[in-house]
Amino acid sequence: MVIECYRAGAIGDILMTTPAVRALKKKYQNSYIRYVTVTPDLILNNPYVDEVSPVGYDADLKIYFEYPVGKGYPNKPLEKHIAEEFAECAGVELDTVRGDLILCDHEMKFAENAVKKLKKLVIATIHITAGWSPYKQWDVKLWQKVVDHFRGRIVFVQIGAKGEPVLKNVLSFVGMLNVRLAASMIYASDIFVGIDSFPNHVAAAFQKPAVVLFGSTSPIGSGYSTAINLWKGYDCSPCYREYNQISLHPKSPCPYEIKCMKNIKLDEVIYSIEKILRKVRK
């Protein structure tokens, strides 16, 4: 039996489909699963996928992983994790919403070598900028205060795309790594700190303790039990606002001056990091 799974992107969404792929392979044990996508980074090396392809072919079963537009999304908030919505597309049930991400040996060794001299301190990967939405982002000056507060106790390893702001007093790989090597830095770290973007899902896949800030999205749709999820839960949130030039569902600018992110206080973030730091301190 040949099963084709379709999800064009984005990177984090691909990873959130992997629990459903895992469940499909268990349901159809002798199946051949072809994953069709143009953003294959986080599905490569997946033990439940037999082939990754940019185009589809003939298949006995074709599954399209889609957001629940029929339930009112994005005007209506998600009522369950998007991994569970994707599982519903596939007609399977999940044992966990945590995704599968299998690194290659050379990817793990790269990250381990990058931080091996820092092992006497706690290592935290930090990611502060979202490619899809400005409404997910927290004040860079506040992120800098977080880094400064933990100086001498935590080494922050910053990942991100070229052109993103680089914090001071961090080990920066901003603009230097592909998606999988960025993921490997999370693998080699003790904790993850950042916003709701693809590294949030990577941290969950590796079961890393995390502190994640939510604004235009919510922990209901993309949070994990391994993280402290900071979200104000205002009536207007989640709004799923994105950059209109790339969004499939353009919306007007936030009428509330992005209060969902601005009202997450520095002390809340520091306290949350302190809380998980007590569990992983070396």
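Let us start with F156, which is in contact, meaning heavy atoms within 4.5 Å, with A124, I126, V146, V147, F150, V170, L171 and V193, leaving out residues up to four places away in sequence. Please bear in mind that this is a predicted model, in which local features need pLDDT of at least 70, side-chain atom pairs count only at pLDDT 80 or more, and totals for chains, interfaces and linings use all residues. Residues are numbered from 1 along each chain as its sequence is written, and side-chain values use heavy atoms, with hydrogens and water left out.

F156 belongs to the largest nonpolar core, which has 30 residues; F156 and W143 touch the most other members. By a nonpolar core I mean a set of buried Ala, Val, Leu, Ile, Met, Phe, Trp, Tyr and Cys residues joined through side-chain atoms within 4.5 Å. Buried stands for under 20% relative accessible area, exposed for over 50%, and partly exposed for the range in between, with a 1.4 Å probe and protein chains only.

Which elements each supply at least two residues of this core? They are strand 5 (122-127), helix 4 (140-149), strand 6 (154-158), strand 8 (191-195), strand 9 (210-213), helix 8 (259-262) and helix 9 (266-280). Helix 9 gives the most, with six residues. Helices (H or I, at least four residues) and strands (E, at least two) are DSSP runs, numbered from the N terminus. A second, separate core holds 28 residues, among them L42, V157, F173 and V179.

I turn now to the backbone. The peptide bond between Y73 and P74 is cis, with omega about 5°, and P74 lies in the loop between strand 4 (61-64) and helix 2 (82-90). Another cis bond runs from S237 to P238, with omega near 5°; P238 sits in the loop between strand 10 (227-230) and helix 8.

The loop between strand 10 and helix 8 also contains I258, a non-glycine residue with a positive phi of about 55°. Why does I258 count as partly exposed? Because its relative accessibility is 22%. N45, in the loop between strand 2 (32-36) and strand 3 (51-53), likewise is not a glycine and has a positive phi, near 75°.

Finally, K62 is part of strand 4 and is partly exposed, because its relative accessibility is 39%. Beyond its neighbours within four places in sequence, K62 contacts E4, Y6 and Y57. A polar atom of the K62 side chain lies 3.1 Å from the backbone oxygen of Y57.

Definitions and conventions. Polar contact = N/O pair within 3.5 Å; in protein donor to acceptor, adjacent residues only side chain to side chain.
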